[in-house]
Amino acid sequence: MSYNALYTDLSGYYDLMCADIDYQGQSSSAQRLHQIFGNGGKQHLDLACGTGPHIAHLAQNGFTCRGLDINQPMLDIAKQRCPDANFAQGNMCDFYTEETFDLITCFLYSIHYSGDLNNLKGCITSAHQALASGGVFYFNVVDKRQIDNTLFAKHSVQQDQDLFHFSSAWHYVGDSEKQTLNVRIDKTTDQQTLTWQDEHPMVALNFDELEALLTPYFDVHVFEHNYESITPWNKVSGNAIFVCVKR
């Protein structure tokens, strides 16, 4: 499949694929860190918003939300879920808005969908331009040096007569700015199985390289990848939450 085609073609299954994700916990984490480091405003933009579950939680907590995603079928579902929010189709690596936001989020490691370092730089500058003074750019990220190509995540979901098996895994060859997210979906109905597979090209970098890209624009705070507590990054673990405050 072409880049992101799996998510476009199977957008109706996306929420099942993400059924084990704690959207409320992730949204609450972003809100808490915004309360600590941000400007107190309630204008929110979610990059790579998908079907909108994070927006639904933040809107319930008083934010005025907007979502940006490259896949229109995902946005159609998001609009049904969050009818009061505004959504736009677009590339998070190259967007411009005259409206400013107090909190910009990019959940589920979606910052890596930038694909390469040049596009990631575009995402950073676009987010910086769109933030109000003192606004927060919040996202999670994986350090390429810590990727274990033998590990993968998987879960199963039953829907009516269909049994779905979902699996995903990072893969990094170790010598470039490229890594992949390998995704597989198996749908079994009446002992017949359909399978979809895709390799999503992702940008690969370490946290030092990422901080170097961010510091010309932001005050950067790095935390452990824990949505239940606020703990500074231990400089060892390979997953982290970045909280970037516009100067």
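Which helices and strands are included in what covers the buried residues of H3? Helix H2 (14-17), helix H4 (53-60), strand S4 (101-106), strand S5 (131-142), strand S10 (218-224) and strand S11 (239-246) are among them. Helices here are DSSP runs of H or I with at least four residues, strands are E runs of at least two, and both are numbered from the N terminus.

Some conventions. This is a predicted model, where local features need pLDDT of at least 70 and side-chain atom pairs count only at pLDDT 80 or more, while totals for chains, interfaces and linings use all residues. Residues are numbered from 1 along each chain as its sequence is written, and side-chain values use heavy atoms, without hydrogens or water.

Back to H3. Its buried residues (under 20% relative accessible area, 1.4 Å probe, protein chains only) include Tyr23, Gln26, Ala30, Leu33 and His34.

Next, the cores, meaning buried Ala, Val, Leu, Ile, Met, Phe, Trp, Tyr and Cys residues joined through side-chain atoms within 4.5 Å. The largest has 53 residues, and Phe139 is one of those with the most contacts inside it. Beyond neighbours within four places in sequence, Phe139 is in contact (heavy atoms within 4.5 Å) with residues including Cys106, Leu214 and Phe242. A second, separate core of 22 residues includes Cys49, Ala85, Phe87 and Val136.

Last, cysteines. There are zero disulfides, taken as cysteine sulfur pairs within 2.5 Å. For Cys18, the nearest cysteine sulfur is that of Cys49, 13 Å away. Cys18 counts as buried because its relative accessibility is 7%. For Cys123, the nearest is that of Cys93, at 5.1 Å.

Technical notes: Buried < 20%, exposed > 50% of the residue type's maximum accessible area, 1.4 Å probe, protein only.
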